[in-house]
Amino acid sequence: MDQITKKLKTFQNITPDREFSQRARFLILSSKKIETSKQRLFGYLRFVFAESRIAAAGLALVAVFAIFVVYGYFNGAKIQQANNEEGLRLAETQYYQQTAQNPSFFSRLEQKLGDFLNTVF
Amino acid sequence: MIEDKELIKKAKQGSAESFGLLYDKHLNQIYRFVYLKVSNKQITEDLTQQVFLSAWQNIDSYQHQGFPFTSWLYRIARNAVIDHYRTSRSHIGLEAISEVADYSDLAGELEAKLELGKIKIALVSLPSDYQDVIVMRFIEELSHQEIAAALNKSEGAVRVLQHRALNSLKKILNNGSNN
């Protein structure tokens, strides 16, 4: 370490005034953060992105709900149709069973007429 | 003592108190750096305030990439000084000697004060890069790595710059003493 570098170290005694340090500290820290146009743009994009995420999530929920509704509607219609056909079949079977057990006047007449015609011819 | 990293994290979240602690910690270094480059107390105060204000406004853009916060502050200070010289060309004269004398009470004797004044004038007359390296290395005692980060140069380039800067300073001082 030569003479010059030793002397340079003397400059370490240079320090700011206390009054300046305090004043500057106060002014700097009380200053509001200024937004540059770039920061504003990023802020806007962040906002839009966040908003669009919320919108996308909402849309997805609505879509899922709509799928359930449509599926339920068609499935319900199918079930109802099947029920109706089944019901019809049941009613028909019941009708024929009842008719076989308690034949009506006309069916009895029809049968007797059939039997008579069979014996005659 | 809280680490710079922790304080920066909090300052980024908007904590003025944390930035205040960073200010307290680094003010002297930055003030000295600016003062030794502009040689005027009033301008030094203005520029130092500007440096910290700019650091506070742009703390979000600071990213710890292996070099300390001080290097980032030096970089801002350097740009502030360059801008200052671009807009107004300051003159260095007897004012530099008298102001150094004010700060060098410890040196005692008048001869020593004048010697320091000479060194200061020689320092200010060096190219900007040389001044930066001498101040950072021999006054602020930063490592080559820290200086390299502040000057945006490689460590090798800083070593070369330091060698040349010291030689230039010695040359100017020797010429001054011969005249």
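The place of N152(B) is in the loop between α8 and α9 (155–178) of chain B, where helices (H or I, at least four residues) and strands (E, at least two) are DSSP runs numbered from the N terminus. This is a predicted model, in which local features need pLDDT of at least 70, side-chain atom pairs count only at pLDDT 80 or more, and totals for chains, interfaces and linings use all residues. Residues are numbered from 1 along each chain as its sequence is written, while chains are lettered from A and ligands numbered from 1 in the order in which they are written. The predictor gives the complex an ipTM of 0.73 and a pTM of 0.62.

**Confidence in chain B**

- Chain B has a mean pLDDT of 82, and 82% of its residues reach 70 or more; pLDDT is the predictor's confidence in each residue, from 0 to 100.

**Make-up of the two chains**

- Chain B contains 9 helices and 0 strands, and its pattern along the sequence is α-α-α-α-α-α-α-α-α.
- Chain A contains 4 helices and 0 strands, which gives the pattern α-α-α-α along the sequence.
- Of the 179 residues in chain B, 39% are buried; a residue is buried if 20 or more other C-beta atoms lie within 10 Å of its own, exposed if 12 or fewer, and partly exposed in between, with C-beta atoms placed from the backbone.
- Buried residues make up 5% of the 121 residues in chain A.
- In chain B, 62% of the contacts with a separation of 6 or more are between residues 24 or more positions apart; two residues are in contact if their C-beta atoms, placed from the backbone, lie within 7 Å.

**The nonpolar core**

- The largest nonpolar core has 50 residues, and those with the most contacts inside it are I30(B), V34(B), V51(B), L73(B), A77(B) and I134(B).
- Helix α2 (residues 16–38) of chain B gives the most to this core, with 11 residues.
- A nonpolar core is a set of buried Ala, Val, Leu, Ile, Met, Phe, Trp, Tyr and Cys residues joined through C-beta atoms within 7 Å.
- Leaving out residues up to four places away in sequence, V51(B) touches I30(B), L73(B), I76(B), A77(B) and A80(B).
- In soluble globular proteins, nonpolar side chains tend to be buried together.

**Q50(B) in helix α3**

- Q50(B) is placed in helix α3 of chain B.
- Q50(B) counts as partly exposed because it has 18 C-beta neighbours inside 10 Å.
- The C-alpha atoms of Q50(B) and I76(B) are separated by 9.2 Å, with the two residues 26 apart along the chain.

- Helix α7 (residues 128–139) of chain B has 12 residues and reaches 16 Å from its first C-alpha to its last, close to the 16 Å expected at 1.5 Å a residue; the expected span is 1.5 Å times one less than the number of residues.
- α7(B) is mostly covered, with 9 of its 12 residues buried.
- The buried residues of α7(B) are Q131(B), D132(B), V133(B), I134(B), V135(B), M136(B), R137(B), F138(B) and I139(B).
- Helix α4 (residues 105–120) of chain A has 16 residues and reaches 22 Å from its first C-alpha to its last, close to the 22 Å expected at 1.5 Å a residue.
- α4(A) is hardly covered: among its 16 residues, the count of buried residues is 0.

**Loop residues with positive phi**

- E141(B) follows α7(B) and lies in the loop between α7 and α8 (144–151) of chain B.
- The phi of E141(B) is near 55 degrees, a positive value in a residue other than glycine.
- E141(B) is exposed because 11 other C-beta atoms lie within 10 Å.
- N152(B) also has a positive phi, near 60 degrees, and is a residue other than glycine.
- N152(B) is exposed, with 10 other C-beta atoms within 10 Å.
- Most residues other than glycine have a negative phi.

**The contact between the chains**

- Chain A gives 22 residues to the contact and chain B gives 30 residues.
- On the side of chain A that touches chain B, the elements giving two or more residues are α1 (3–8) and α2 (18–30) of chain A.
- α2(A) gives the most to that side, with 7 residues.
- The residues of that side divide into 11 nonpolar, 7 polar and 4 charged; Ala, Val, Leu, Ile, Met, Phe, Trp, Tyr, Cys and Pro count as nonpolar, Asp, Glu, Lys and Arg as charged, and the others, Gly among them, as polar.
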